[in-house]
Amino acid sequence: MSARWESRNKRKINMAMVSEFLGQLSLNVAQEPLYPTVVPVRDFDPDRDAARIETAIKTKGVDEQTIIDVLTKRTYSQRREIAFAYERRAKKDMITALKAALSGSLETVVLGLMKSTSQYDASEIRGSIKVKGLNLITEGLHCPLVAKCHNMVCFSKEGLM
């Protein structure tokens with residue numbers, strides 16, 4: 001009886017230690033970040049960035065790393081300014097040029113970066129509807145704000161995705 005009692009006690013102590021350890025972990029998985037994950041570049045120059053992207057697209061074999069470096073380190077509004085500067089400079093749409101120059105997953109990511117959050121969400125929902133059927137639309141929809149949902153519906157209706 002003493003050996004059985006000790007075995008139970010050890011399990012309780014081990015479970016208590018595990019519980020204490022897990023309680024000390026701070027896994028903020030469910031929370032949205034309280035700060036922006038991409039911040040505006042201080043010495044931002046859309047013309048310089050547009051020139052870098054134009055050169056990267058024209059380079060034989062496409063300089064994908066430059067495109068990644070420029071677009072992933074800019075906010076959405078800065079990326080839009082780059083696109084306008086590119087259009088003034090190259091006399092063609094930057095998104096169309098990126099579509100022609102890139103392929104596969106990189107193309108998907110870069111084109112996604114060129115959309116606002118609402119446009120991106122709407123395009124993902126539209127893609128989900130096309131692929132999986134209308135009954136599965138709510139599985140991927142995590143929209144805490146009614147305004148965000150409204151924007152997504154507006155973009156979907158306007159075909160801006």
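Relative accessible area is classed as buried under 20%, exposed over 50% and partly exposed in between, with a 1.4 Å probe and protein chains only. The model is predicted, with local features requiring pLDDT of at least 70 and side-chain atom pairs counted only at pLDDT 80 or more, while totals for chains, interfaces and linings use all residues. Residues are numbered from 1 along each chain as its sequence is written, and side-chain values use heavy atoms, with hydrogens and water left out.

The structure contains 5 salt bridges, a salt bridge being a side-chain nitrogen of Lys or Arg within 4 Å of a carboxyl oxygen of Asp or Glu. One of them joins D47 to R88, with 3.3 Å between the closest N and O atoms. Since D47 belongs to helix 2 (residues 46-58) and R88 to helix 4 (residues 76-90), the pair ties together parts 41 residues apart in sequence; helices are DSSP runs of H or I with at least four residues, numbered from the N terminus. D47 is partly exposed at 43% relative accessibility, whereas R88 is exposed at 51%.

A further salt bridge pairs D49 with R74, the closest N and O atoms lying 2.8 Å apart. This pair links distant parts of the chain, 25 residues apart: D49 is in helix 2, and R74 is in the loop between helix 3 (64-72) and helix 4. D49 is buried at 0% relative accessible area, and R74 is buried at 8%.

R89 and E54 also form a salt bridge, with a closest N and O separation of 2.6 Å. R89 in helix 4 and E54 in helix 2 are 35 residues apart. R89 is partly exposed at 47%, while E54 is buried at 10%. Salt bridges link E54, K58 and R89 in a network.

Definitions and conventions:
Helices (H or I, at least four residues) and strands (E, at least two) are DSSP runs, numbered from the N terminus.
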